[in-house]
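Subject: Structure handover

Hello,

Please find the structure below, followed by notes on what was found in it.

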Amino acid sequence: MYPENLRYTKEHEWVKIEDDIATVGITFYAQEKLGDVVFVELPNVGKVVKKAESVAVLESVKAVSDVYSPVSGEVIEVNESLTEKPELINQKPYSCGWIVKLKIMNPKELEYLMTSQDYIAYLEKE
Amino acid sequence: MKLIFEKSSKKRKGIHLPRLDVPERKVDIPKIFLRKRINLPEVSEVDVVRHYTALSRTNYGVDNGFYPLGSCTMKYNPKVNEDVARLAGFTFSHPYQPEEISQGCLELMFNLERYLCEVTGMDAYTLQPAAGAQGELTGLMIIKAFFKQKKEKRTKIIVPDSSHGTNPASASMCAFEVLTIKSNKQGRIDLCTLSEIMSEDVAGIMLTNPNTLGIFEKDILEIAKIVHNKGGLVYCDGANMNALLGISKPGDMGFDIIHLNLHKTFSTPHGGGGPGSGPVGIKKPLEPFLPTPRIIKRDETYCLSYDYPLSIGRVKSFYGNFGVMVKAYAYIRALGADGLKQVAEVAVLNANYLLKKLKPYFDLPYDQPYKHEFVLSGSRQAKKGVRTMDIAKRLLDYGFHAPTIYFPLIIDEAIMIEPTETESKETLDAFANAMRKIAEESEKEPKVLKNSPHNTPVSRLDMVKASREPVLRWKK
Amino acid sequence: MKFVPHSAREVQEMLKFIGLKTLDDLFTDIDDKLILKEPLDLPAPMSELELTKHMLTLSEKNGETLHNSCFLGAGAYNHFIPSVVNHIISRAEFYTSYTPYQPEVSQGILQALFEYQTMIAELTGMEVANSSVYDGATALAEAAIMASNITGKKEISISSAVHPEYREVVRTYCNARDLMLKEVYFRNGVTDLEDLEEIVSERSAAVLIQNPNFFGCIEDMHKIERICHEKENLLIVSIVEPTSLGILKPPGEFGADIVTGEGQSFGNPLNYGGPHLGFMGTKYKYVRYLPGRLVGMTADTKGRRGFVLTLQAREQHIRRERASSNICTNHALNALATAIYLSLLGKTGLKELANLCYQKAHYAYDTIKEIAGFKPIFTSSFYNEFVLKCPVSPEKLNKHLLKHKIIGGFNLERHYPKLKNAMIFCVTENNSKTEIDRLVEVLGKMG
């Protein structure tokens, strides 16, 4: 449920690091708590975000949730298919349900991300 | 059921208008501005009556049965109020007709303001806001104007995490930054936390008392002191006034400004979502900022006055929802002081009685004294896979309207119940019985709950589909 | 008179069950300082009989449009309401119900509101409409805020030919949000297009106009749209007398981005100013910025059609401080009245009604302007309201008319000081030829 090759944040985002590109989505726990996603507000390509700043907004029937950027970076790609099929976030949160891709600006920030084990332990405490 | 458009038949007419009795002349509006098509249904009067009558029969109102929606005060709507509100002198009055032929309306509004002052311990009222949310907005605009006048720049408003969503939304509409204060373990405002976040940058705090958990903020005098000491104002969301009528006045508790919901506390009907009315009361220092016009008395005549240079202006056209005010006025005149006090006493009695009956079956997150409403949690049932949503839907099968669910946000699987004073002991017992049965079903047959409702005109509706593929109108 | 069913014995039983002795024991957690020791100082309670008599007396201190001929409009219109409307909205299943948050037992009001949304969208030529807001003025204010949210711009332009109270409300809402409001002059009773070209810029979010405007005149929607969209401003149109939609091309067909208005003319009584009905419609692409409740179509578990409140994630109960509007209640019962009224009128009825209003107003205009001292000020075409300069002050004129049981027009001086001795007259299907002729006769006796 929480792939080991990914890193995690306290706000329930996952990050996949490939060189200087970070792909971001929300975890299984997050999508379950949110409920069926009905709408995704994606940022514009080129937008620059700081770590912990909101980079996207997810709407379900009963709630609205920000996706906080795990790292500072520039948005280089957004998952356009979420416009037509927001349910991908619920169905495949780690693959087709990815939300944005960022060009990492400050690699030091990666140190603050949690491993899969740390995240599972964190969830247990919640 | 078919839509009215689907019952349309060419050339059918619902009403027959009078014939044109003046000489007909050519329409001198340029053709480019003239309409070509109108797409409205073509149905007869009988069609219309049968259609909407059939629709009404799939709807549930207070007159059908118990409606324990927490925070909404779904009390009985007196029929005499409906009749008096329909008197021609009221319904056929044009808001701009001369004041000399509007004395009945103006007198009613003037006196209603006085009564509301007395009930809440405030110095003056505006009846202009059309709803509670608009009352809040008006209140915050007044607060903003007050500090602007004092040349103090205050950009923040404190709001409890248990507050109704309109509180922070109204604050945002006035460009205030919202500081959320967490409720403590007793479900109330923590004085230490409040002292920490209260500063000269904070314009004020918005509180509901009793709060949305149904718990009276017993430190209210202290809370008001902390805020006032730093020059801030204390706003009362008066949605829960039903617990305080004739018992205690918000004005005595240190509140500087309050809004009321006539469609909650003062028995005016909810109308399927509106119209309501949200009068705002203030203490004297805030009087100059009230919206205009104000209703004043000169000798024995009532008139409208616009002579308030510091007023925030208007929040609505005309004077407010007069047709709703008539019903609230009639209610206050019918009940008098003793009647209103009895409302609060029995509202709180009913809530506590019902709470004791339900306690064995549902979790009560805060073990505190409750007033006119209380919030249970469906967490015990959630462990068996039954959510509060399922409990609510199952109640519909038992012939009751569900309570408020998933509010306030600080309680997991929240079930907020407000019986009101107009419900009899039998109704409360029957409701408690149904809830007990549902608690049992959640243990023994959770599937029944998950698939409910079973006995309603439609079964559970797909909310996700409605949001993902919104269809907001009919098209041929 | 009371509505509390409990007998004294039942109260005692219930107190015993809870473990308390008296009703006062329910309030011991409240500081004694705050407990009232005296009853509230309110008039003595009344029985239903006494209350009814009292309210009748109060209501009879008013004159009204039933016993007086009414030629007053200016934002509230004296139209005839068919009896069916009242009978249906008096059905308790409708008026004693709450917001349909439990849709399975609220299909009645939900379907009616869905039908209402469809009718408003159709009549205004927009793709989608909400299920109502408080009134035309707040609808316009909400639209201004909506435009600012969509474009990110903080300036709004508004025509001074928009109803003065609407402009005041828009101003109040804009002030709260620190948005700047700029007014555009009028000329010959319509928005001055040259001034509009000057005021509209890339800094402004939207242009707000009213059609027919406060003076009753018909705006040049075609030219206004071009000016608006050239500078990338949203075009927002307010329709305060919507029976005009029976004769005028809807703003949607001119490319309006948001249409708002006042639905009182559609089946809701004057009621001394409220409750009335605000309607809002827009293009599908802006639906997520639209405030207020939206009813959507869906299906139940058996595949049957049903209706629910949808896109609730826009609203305050979910978004809280991030909601684009704080609005919670709507005017559901008024919207229901409108849906019933429009169903009764139907396709041909609305067209006929608009023609009656147009024709009668022009007959009145043609005959009144022949009276010495009454002069037209504007030459722009109008629907059912027109401005005339009067031989004496409108205040004096209206006093004279009232003596003859006629409610005269709206005195323009307070809001437009340059239009001295000018008055807006309004004529609807409710004014017979006899009434109009009598108005002319009484006016003739003036001066």
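Both K327(B) and E82(B) are buried, where buried means under 20% relative accessible area, exposed means over 50%, and partly exposed is in between (1.4 Å probe, protein chains only). Their side chains meet in a salt bridge, with N to O at 3.1 Å; the term stands for a side-chain nitrogen of Lys or Arg within 4 Å of a carboxyl oxygen of Asp or Glu. K327(B) lies in helix α9 (residues 322-358) of chain B and E82(B) in helix α2 (residues 79-85) of chain B, so the pair ties together parts that are 245 residues apart in sequence. Helices (H or I, at least four residues) and strands (E, at least two) are DSSP runs, numbered from the N terminus.

Before the rest, some conventions. This is a predicted model, in which local features need pLDDT of at least 70 and side-chain atom pairs count only at pLDDT 80 or more, while totals for chains, interfaces and linings use all residues. Residues are numbered from 1 along each chain as its sequence is written, chains are lettered from A and ligands numbered from 1 in the order in which they are written, and side-chain values use heavy atoms, with hydrogens and water left out.

Other salt bridges in chain B

Over all chains, the count comes to 57 salt bridges. Another one in chain B joins the side chains of K249(B) and E118(B), at 3.4 Å from N to O. K249(B) lies in the loop between β5 (233-237) and β6 (257-259) of chain B, and E118(B) in helix α4 (residues 103-120) of chain B, so this pair ties together parts that are 131 residues apart in sequence. K249(B) has 13% relative accessibility and therefore counts as buried.

K357(B) forms a salt bridge with D429(B), where the closest N and O atoms are 3.0 Å apart. K357(B) is in helix α9 of chain B and D429(B) in helix α12 (residues 425-444) of chain B, so the pair ties together parts that are 72 residues apart in sequence. K357(B) is partly exposed, with a relative accessible area of 26%, and D429(B) is partly exposed as well, at 21%. A network of salt bridges links K357(B), K425(B), D429(B), R9(C) and E13(C).

Chain B against chain C

In this interface, 199 residues of chain B are in contact with 194 residues of chain C, contact meaning heavy atoms within 4.5 Å. The area buried between the two chains is about 17500 Å², of which carbon and sulfur atoms give 63%; buried area is the accessible area (1.4 Å probe) that two parts lose on being put together, summed over both. R35(B), M173(B) and L472(B) supply 5% of the area that chain B buries against chain C, more than any other three residues. Between chain B and chain C the count is 13 salt bridges. In one salt bridge, the side chains of K316(B) and D135(C) meet at 3.4 Å, N to O.

V471(B) is found in the segment after α14 (463-468) of chain B. Leaving aside residues up to four places away in sequence, V471(B) touches F114(C), V295(C), G296(C) and M297(C). V471(B) is partly exposed, with a relative accessible area of 30%.

Chain A against chain C

Here 11 residues of chain A are in contact with 6 residues of chain C. The two chains bury about 690 Å² between them, 46% of it on carbon and sulfur atoms. F39(A), E59(A) and V64(A) supply 57% of the area that chain A buries against chain C, more than any other three residues. The rule finds 1 salt bridge across this interface. The side chains of E59(A) and R288(C) meet in a salt bridge at 3.4 Å, N to O.

Chain C and backbone details

Chain C has 13 helices and 17 strands. Of its 447 residues, 69% count as buried. Its C-alpha atoms fill a box of roughly 80 × 55 × 50 Å, taken along the principal axes.

Two cis peptide bonds can be looked up in chain B: N209(B) to P210(B), with omega about -5°, and S452(B) to P453(B), with omega about 10°. P210(B) lies in the loop between β4 (202-208) and α8 (220-229) of chain B, and P453(B) in the loop between α13 (446-450) and α14 of chain B.

H12(A) is not a glycine but has a positive phi of about 70°. H12(A) lies in the loop between β1 (7-8) and β2 (13-18) of chain A, and at 11% relative accessibility H12(A) counts as buried.

Regards
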